[in-house]
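This briefing concerns one protein structure and the surroundings of its ligand. Please consult the sequence and the model while reading.

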Amino acid sequence: MEANQDQQRHLTTRQGHPVTNNQNMRTLGNRGPAVMENYQFLEKIAHFDRERVPERVVHARGAGAHGVFEAYGTVGNEPAASYTRAKLFQKKGKETPVFVRFSTVIHGGHSPETLRDPRGFAVKFYTEDGIWDLVGNNLKIFFIRDAIKFPDFIHSLKPDPITNRQDAGRAFDFFSNSPEVLHMITWVFSPWGIPANYRQMQGSGVNTYKWVNKAGQAVLVKYHWEPVQGIKNLTQAEANHIQATNINHATQDLYEAIATGNYPQWELLVQIMSDEEHPELDFDPLDDTKIWPADKFPWLPVGKMTLNRNPANYFAEVEQSAFGPGVLVDGLEFSDDKMLIGRTFSYSDTQRYRVGPNYLQLPINSPKNHVGTNQRDGAMTYKVDVPAGTNPHVNYEPSSLNGLVEAPETEVPYEPEYAAARIMRRSIDRTNDFGQAGERYRSFEEWERTELINNLVDGLKAATPFIQEKMVELFTQCDADYGKRIAEGLKNA
Ligand code: HEM
């Protein structure tokens with residue numbers, strides 16, 4: 001039943017009943033009381049009562065956009081195929097649709113976008129082999145290196161469970177007992193902790209992944225996004241100034257840039273290392289608190305991403321989008337990075353709760369290639385993955401009645417070997433918690449160092465004296481001048 005053009009504009013209920021009066025509920029007389037058999041009212045209010053889904057437990061505040069990734073077909077000067085068989089990278093000019101969600105980390109859904117925090121940079125590639133999610137941040141490293149610490153780390157930064165206020169004293173309590181955070185907090189308390197907007201910031205996969213070629217050989221790989229728009233950060237004073245009148249400036253900036261055809265672009269670059277422990281390095285290549293030095297492991301361009309379309313609906317596309325670091329396609333693999341493996345469980349687990357068990361049926365999350373599964377039912381089942389020509393009565397495998405069958409294996413399977421070892425709970429050997437933090441401190445310009453010291457002192461003021469002392473000790477191990485200036489700052493605070 002096609003509606004004519006006039007009818008198409010008419011309000012209806014979700015049952016398709018015309019709504020002829022959207023201003024008044026049904027009542028006994030025009031002064032009430034209201035009657036219960038008013039389906040239109042009940043449906044409208046009941047749906048409103050359920051408008052929210054739980055916000056993300058972290059990265060609740062975000063903005064998203066659609067776009068396209070174009071491959072160079074090469075990794076630096078070599079064919080991409082030398083390192084990876086992932087189809088999206090093989091041919092120069094090959095385009096893959098993407099959806100990107102940028103975010104802050106700690107604060108809630110409508111918090112100011114000027115707050116000091118890393119920024120999330122999550123990219124969903126709709127490849128011909130299914131979805132690849134590259135779920136990273138703007139900075140190249142992270143606070144901790146073992147996934148089991150993540151809930152504690154996040155609790156220390158979220159509001160106090162009694163006062164419901166964030167308390168830097170709690171954060172520095174955790175930091176002072178977790179020296180691996182020193183490198184990351186040196187970045188976050190510098191101007192790099194407040195990117196000017198989402199367009200003018202870098203991105204990084206942060207964790208170490210692998211690439212696998214046709215021969216089944218693997219290398220370790222790190223991903224980086226470099227903004228064509230350049231990088232811009234804010235001082236605390238600049239951020240305060242923006243926040244006084246606008247708490248949505250980054251969402252606004254992204255939306256307006258795309259709406260006016262000023263499409264933001266990022267080049268994707270990778271760093272490659274042979275798949276070994278590399279005892280010659282003073283850090284472990286699987287430690288996400290470390291940067292792989294660019295002079296030893298050059299950044300090699302592999303493609304470019306352009307964001308060129310705003311979401312048609314924020315909730316359907318941005319809020320319900322679901323990214324996961326475990327979502328890889330053939331030619332891309334996990335490394336043994338302990339954070340990465342822990343993250344792999346967490347994302348899809350939370351999404352089954354946050355969005356629902358059938359979250360992968362939503363258009364924003366579902367792959368654009370063929371999907372055939374025997375997964376059935378559950379809340380909000382929207383469709384059944386039965387490809388044309390297969391028997392819809394068969395929702396199991398194996399079967400001789402024309403059900404789904406296993407796909408043929410077309411590539412050499414990647415089967416990493418492990419030497420026999422004991423299972424244990426222990427930190428990695430090469431922790432080197434202070435080296436790169438000190439290097440970073442020394443490589444900042446003087447105005448950046450001053451910002452860093454002021455921002456850290458400002459936060460540390462809330463900590464108890466013995467935690468302040470512990471932090472000064474840790475900063476001193478990074479660099480004597482770093483520790484001295486924090487100690488002086490605290491004395492004068
Ligand atoms: C073990 C450590 C970590 C755990 C357990 C963890 C867990 C989570 C969870 C539960 C979410 C919410 C997902 C959702 O509701 O859809 C999330 C979002 C996110 N995380 Fe992590 N995370 C960890 C570390 C990291 C690291 C190291 C990075 C950066 C590389 C990162 C980047 C992100 C981003 C960008 C999002 C937002 C994705 C989006 O836009 O929807 N996380 N994380």
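The points below go from the overall fold to the ligand shell and the annotated residues.

The structure is a predicted model. The protein has 13 helices and twelve strands. Its radius of gyration is 26 Å, close to the 23 Å that the globule rule gives for 493 residues, so the protein is as compact as a globular protein of that length.

**Overall fold**

- The C-alpha trace spans about 75 × 65 × 50 Å along its principal axes.
- Of the 493 residues in the protein, 35% are buried.
- When contacts between residues at least 6 apart in sequence are considered, 72% of them join residues at least 24 apart.
- UniProt, in an unreviewed entry, places the feature "domain: Catalase core" at residues 12-405. That span is 20% helix and 20% strand, and its end C-alpha atoms lie 43 Å apart.

**Domains and their contact**

- The domain assignment divides part of the protein into domain 1 (62-138 + 196-361) and domain 2 (169-194 + 434-493).
- The centres of domain 1 and domain 2, taken over C-alpha atoms, are separated by 28 Å. Their contact takes 13 residues from domain 1 and twelve residues from domain 2.
- On the domain 1 side of this contact, four residues are nonpolar, five are polar and four are charged.

**Helix α10**

- Helix α10 covers residues 435-443, and its buried residues are Q436, A437, G438, R440 and Y441.
- The cover over these buried residues includes α5 (182-188), α11 (446-460), α12 (465-478) and α13 (480-492).

**Shell around the ligand**

- There are 29 residues around the ligand, of which H59, R101, G120, A147 and V206 come nearest.
- By class, twelve residues of the shell are nonpolar, twelve are polar and five are charged.
- At least two shell residues are supplied by each of β4 (95-104), β5 (119-127), β6 (130-137) and α9 (338-354). Helix α9 contributes the largest share, with eight residues.

**Residues annotated as active site**

- The unreviewed UniProt entry gives "active site" for H59 and N137. These positions span 79 residues in sequence, yet no two of their C-alpha atoms are more than 10.5 Å apart, so they gather at one spot.
- H59 is found in the loop between α2 (39-49) and β1 (62-71). This residue counts as buried because it has 22 C-beta neighbours inside 10 Å.
- Beyond residues up to four places away in sequence, H59 touches S103, V105 and G120.
- N137 belongs to strand β6. It counts as buried because 23 C-beta neighbours lie inside 10 Å.
- Apart from neighbours within four places in sequence, N137 is in contact with P118, R119, G120, F121, S204 and V206.
- G120 is in contact with H59 and with N137; G120 is also one of the residues that come nearest to the ligand.

**Residue annotated as binding site**

- For "binding site", the unreviewed UniProt entry lists Y347, and this residue lies in helix α9.
- Y347 is buried, because 20 other C-beta atoms lie within 10 Å and a residue counts as buried at 20 or more.
- With neighbours within four places in sequence left aside, Y347 is in contact with F323, G324, P325 and G326.

Notes:
Residues are numbered from 1 along each chain as its sequence is written. This is a predicted model: local features need pLDDT of at least 70, side-chain atom pairs count only at pLDDT 80 or more; totals for chains, interfaces and linings use all residues. Domain bounds come from an automatic or database domain assignment. Two residues are in contact if their C-beta atoms, placed from the backbone, lie within 7 Å. Ala, Val, Leu, Ile, Met, Phe, Trp, Tyr, Cys and Pro count as nonpolar, Asp, Glu, Lys and Arg as charged, and the others, Gly among them, as polar. A residue is near a molecule or strand if its C-beta atom, placed from the backbone, lies within 6 Å of it. Helices (H or I, at least four residues) and strands (E, at least two) are DSSP runs, numbered from the N terminus. The radius of gyration is taken over C-alpha atoms; the globule rule is 2.2 Å times the number of residues to the power 0.38. A residue is buried if 20 or more other C-beta atoms lie within 10 Å of its own, exposed if 12 or fewer, and partly exposed in between; C-beta atoms are placed from the backbone. UniProt positions are given in the numbering used here, feature names are shortened, and annotations may be inferred rather than shown by experiment.
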